[in-house]
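Morning, everyone. I'll walk you through one structure today. Please bring it up on your screens.

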Amino acid sequence: MKTFDKDRLMLAIAGPLLALVSAFALTMIVLAATGINPIEPLRIMVENGGYEDIQVLIVNQAGTYYLAALAVAIGFRMNLFNIGVDGQYRLAAMISAVVGGAIVLPGPLHILLIVVVAMLTGAAWAGIAGVLKAKRGVSEVVSTIMLNAIATSLIAWLLLPKNLGVQVEGSNDLTTGEIAQSGWFPALSLGDSGEIYGFTFVAFALGIVYWFVLNRTRFGFDLRASGASESAAAASGVDSKKMIITAMLISGAVAGLSGMPVLLGESHTYTLVFPVGVGFTGITIALLGRNSPVGIFFAALLMAFIDKASAGLDTAGYAKEIGTIMKGLIVIAVVVSYELIRRYGIRRQQQKVGEELAAGHAMKTEKEVAA
């Protein structure tokens with residue numbers, strides 16, 4: 001049993017490690033092929049990326065990515081591909097900003113209201129795909145992609161000044177209006193280095209909740225069982241259709257929280273320049289972290305590092321798109337390396353079973369000879 005656990009741990013580590021090594025090696029090959037020094041851009045990124053407070057920027061960005069990846073991972077554990085996290089996150093941030101800007105309450109209640117509205121909005125938007133999947137058999141991939149496009153158009157329409165938007169004086173930007181200070185989440189000040197969003201710590205704490213619910217509760221067992229085999233789960237009394245809807249609702253609610261670190265910690269409003277693409281990065285992080293809260297944590301830090309460190313490459317004469325290339329290659333490397341590791345794991349298990357059968361047969365033969 002100990003040997004099996006050791007092999008499983010090695011395989012779990014080998015997948016992400018192989019993906020990262022392959023991605024960085026491919027990045028260096030691509031840079032060298034285009035006539036760029038492959039070492040210098042990486043050195044600049046590792047040193048400080050051109051920013052003195054880059055560590056704070058990375059941690060803040062990682063909190064947002066962590067929540068988005070948790071939302072994706074919840075779907076993955078149910079064998080659902082919630083590719084609509086980005087739309088759920090943006091729509092939830094926008095609606096919660098509108099509500100938060102229109103109402104003034106005592107501090108804790110104001111923050112709680114904004115958070116609850118974000119969760120409800122994200123859950124409702126993801127729930128549409130869940131209902132379509134459970135009731136009509138519509139692929140959640142197709143429905144969530146379409147819902148992403150609808151969310152983009154809906155947000156643009158709602159931000160018009162004639163609807164819920166506010167025109168910024170002297171600018172073409174549109175906002176939902178600033179949230180009163182009672183709705184700002186307290187931050188951890190690091191002096192001249194900046195502030196870490198307070199909601200970032202909430203994000204990381206949710207990773208513990210995610211682990212506990214999935215691994216230590218009956219609901220988590222039912223969710224994982226339904227994702228592994230709907231027929232087997234049904235045989236044990238689990239309603240797989242209900243679990244599909246529930247999983248999508250929870251995934252959407254967590255996706256709705258993804259915008260809270262920025263909304264409550266920095267912008268205090270939703271604008272046309274609110275971060276986009278967070279949900280898609282969350283998919284990469286969930287894959288790289290293998291749906292583990294610890295793995296997702298380190299993967300979120302890595303992606304945040306690439307984002308923030310590559311932004312300073314422009315000042316050194318290199319294209320910041322090098323970071324985008326690295327992220328894209330990580331996605332490809334993750335898919336390929338995990339498949340290679342999976343096949344190796346299967347062969348390894350077959351080999352071990354063969355060895356155990358051979359050992360058992362040899363022992364039986366020795367007993368018969370001795371008799």
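Before anything else, a term. A residue counts as buried when its relative accessible area is under 20%, and as exposed when that area is over 50%. Keep those cut-offs in mind. Also, please remember that this is a predicted model.

Let's start with one residue. Find Val-117, in helix α5, which spans residues 107-136. Buried or exposed? Its relative accessible area is 15%. The cut-off for buried is under 20%, so Val-117 is buried.

What does Val-117 touch, leaving aside its neighbours within four places in sequence? The contacts are Ile-95, Ser-96 and Val-99. Take Ser-96. Along the chain, Ser-96 and Val-117 are 21 residues apart. Their C-alpha atoms are separated by 5.4 Å.

Ser-96 comes up again with Met-260. Not counting residues up to four places away in sequence, Met-260 touches Ser-96 as well as Ala-93, Ile-114, Val-115, Ala-118, Phe-199 and Gly-265.

Now the core. Met-260 is among the residues with the most contacts inside the largest nonpolar core. Which helix gives the largest share? That is helix α3, residues 54-77, with 13 residues.

Let's zoom out to the protein chain. It has 14 helices and four strands. Its C-alpha atoms fill a box of roughly 95 × 55 × 35 Å, along the principal axes. Of the 371 residues, 43% are buried.

How about contacts along the sequence? Take those between residues at least 6 apart. Of these, 75% join residues at least 24 apart.

Then the surface. The accessible surface comes to about 18700 Å². Carbon and sulfur atoms account for 66% of that.

Last, charge. How many positive and negative side chains are there? We have 26 positive and 25 negative. The centres of the two sets lie 13 Å apart.

That's my tour. Over to you.

Definitions and conventions
Residues are numbered from 1 along each chain as its sequence is written. This is a predicted model: local features need pLDDT of at least 70, side-chain atom pairs count only at pLDDT 80 or more; totals for chains, interfaces and linings use all residues. Side-chain values use heavy atoms; hydrogens and water are left out. Helices (H or I, at least four residues) and strands (E, at least two) are DSSP runs, numbered from the N terminus. Buried means under 20% relative accessible area, exposed over 50%, partly exposed in between (1.4 Å probe, protein chains only). Contact means heavy atoms within 4.5 Å. Accessible areas come from the Shrake-Rupley method with a 1.4 Å probe; for residues, only the protein chains shown count as cover. Lys and Arg count as positive and Asp and Glu as negative; His and the chain ends are not counted. The place of a charge is taken as NZ of Lys, CZ of Arg, CG of Asp or CD of Glu. A nonpolar core is a set of buried Ala, Val, Leu, Ile, Met, Phe, Trp, Tyr and Cys residues joined through side-chain atoms within 4.5 Å.
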